[in-house]
Amino acid sequence: MNLLVMPRPVPVLKSARVTLRPPDPDADAQDYFAMNLDPEMHTWTGNRVLDSPDEAPRRLARYAALERASTWMIVDNPSGRVVGRFFLELEDREGVRVVHEGNRVARACWRPGQNRAGPALMFSAMGLLIASRVRTIGAASGLMNFVMLPMWVLSGVFFSSERFP
């Protein structure tokens, strides 16, 4: 995979419910460790539960230092606690840029809305990333439609997701 170097600094993105901001390994370690103790959160990701609280700041520092990924901590605005992590990578696949996105969100936030608010901000950031890479408005519009069409089709917006094969 030919990942491109991501722009720095990583921007802070805010909504009414959550804030996405760069990791602060020392300040975020306690919340990040507590969130990672839930084995259910790792079921589909292939990750593992952190071994000790000392591992959390090291892992967060490693994420923050990755040149080929932009990493954000998901902060629940009402409580001020870290409830997850998002990352965004950009791959050059034979001249075509492909965006990769991933997240880890605490189980307590799976239904209340933080998990929906985080991706909404992330996809806004993806739009900014796409717009910053083109030279004309027409190219930006075409790339945005190209990126969003599969999301619309696969999200169940046009037809029920229960009827997927």
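## The β4–β5 hairpin

In this predicted model, strands β4 (81–93) and β5 (96–105) form a hairpin with two residues between them. Strands here are DSSP runs of E with at least two residues, and helices are runs of H or I with at least four residues, both numbered from the N terminus. β4 and β5 pair in the antiparallel sense over ten bridges, where pairing requires that DSSP find at least two bridges between two strands. Within this pairing, Arg85 has Arg104 in β5 as its bridge partner.

The turn contains Glu94, which has a positive phi of about 55° although it is not a glycine. Most residues other than glycine have a negative phi. Glu94 lies in the loop between β4 and β5 and is exposed, with a relative accessible area of 81%.

## Basis of the description

The model is predicted, so local features need pLDDT of at least 70 and side-chain atom pairs count only at pLDDT 80 or more, whereas totals for chains, interfaces and linings use all residues. Residues are numbered from 1 along each chain as its sequence is written, and side-chain values use heavy atoms, with hydrogens and water left out.

## Overall architecture

The protein chain contains four helices and five strands, which follow the pattern β-β-α-α-β-β-β-α-α along the sequence. Of its 165 residues, 38% are buried. The accessible surface comes to about 10,100 Å², and 57% of that area belongs to carbon and sulfur atoms; the areas come from the Shrake-Rupley method with a 1.4 Å probe, and for residues only the protein chains shown count as cover.

A contact is defined by heavy atoms within 4.5 Å. Among the contacts in the protein chain with a separation of 6 or more, 56% involve residues 24 or more positions apart.

## The sheet

The five strands form an open sheet in the order β1-β2-β3-β4-β5, with antiparallel pairing. β1 (13–14) and β5 are the edge strands, each pairing on one side only. Strands of a sheet pair through backbone hydrogen bonds, either parallel or antiparallel.

Leu13 stands opposite Leu20 in β2. Helix α1 packs on the sheet, where it touches β2, β3, β4 and β5, and its direction makes about 85° with that of β4. Axes are lines fitted to C-alpha atoms, for helices over the stretch in contact, and angles run from 0 to 180 degrees between N-to-C directions.

## Helix α1

Helix α1 spans residues 25–36, yet its end C-alpha atoms are only 14 Å apart, short of the 16 Å that a straight helix of twelve residues would reach at 1.5 Å a residue. The expected span is 1.5 Å times one less than the number of residues.

The buried residues of α1 are Asp28, Ala29, Asp31, Tyr32, Phe33, Met35 and Asn36. These residues pack against the strands β2 (18–21), β3 (70–76), β4 and β5, and also against helix α2 (55–65).

## Salt bridges

The structure holds seven salt bridges, each defined as a side-chain nitrogen of Lys or Arg within 4 Å of a carboxyl oxygen of Asp or Glu. One of them joins Asp38 and Arg107 at 2.8 Å, N to O. Asp38 lies in the loop between α1 and α2 and Arg107 in the loop between β5 and α3 (114–132), so the pair ties together parts that are 69 residues apart in sequence. Asp38 counts as buried at 17% relative accessibility, while Arg107 counts as partly exposed at 44%. Another salt bridge links Glu91 and Arg93 at 3.0 Å, N to O; Glu91 is buried at 7% and Arg93 is partly exposed at 43%.

Arg48, Asp51, Glu55 and Arg59 are linked in a network of salt bridges. Within it, the closest N and O atoms of Arg48 and Glu55 are 2.7 Å apart. Arg48 counts as partly exposed at 40% relative accessibility, and Glu55 counts as buried at 10%. Arg59 lies in helix α2 and is buried, with a relative accessible area of 13%. Not counting residues up to four places away in sequence, Arg59 touches Tyr32, Arg48 and Leu50.

Methods:
Buried < 20%, exposed > 50% of the residue type's maximum accessible area, 1.4 Å probe, protein only.
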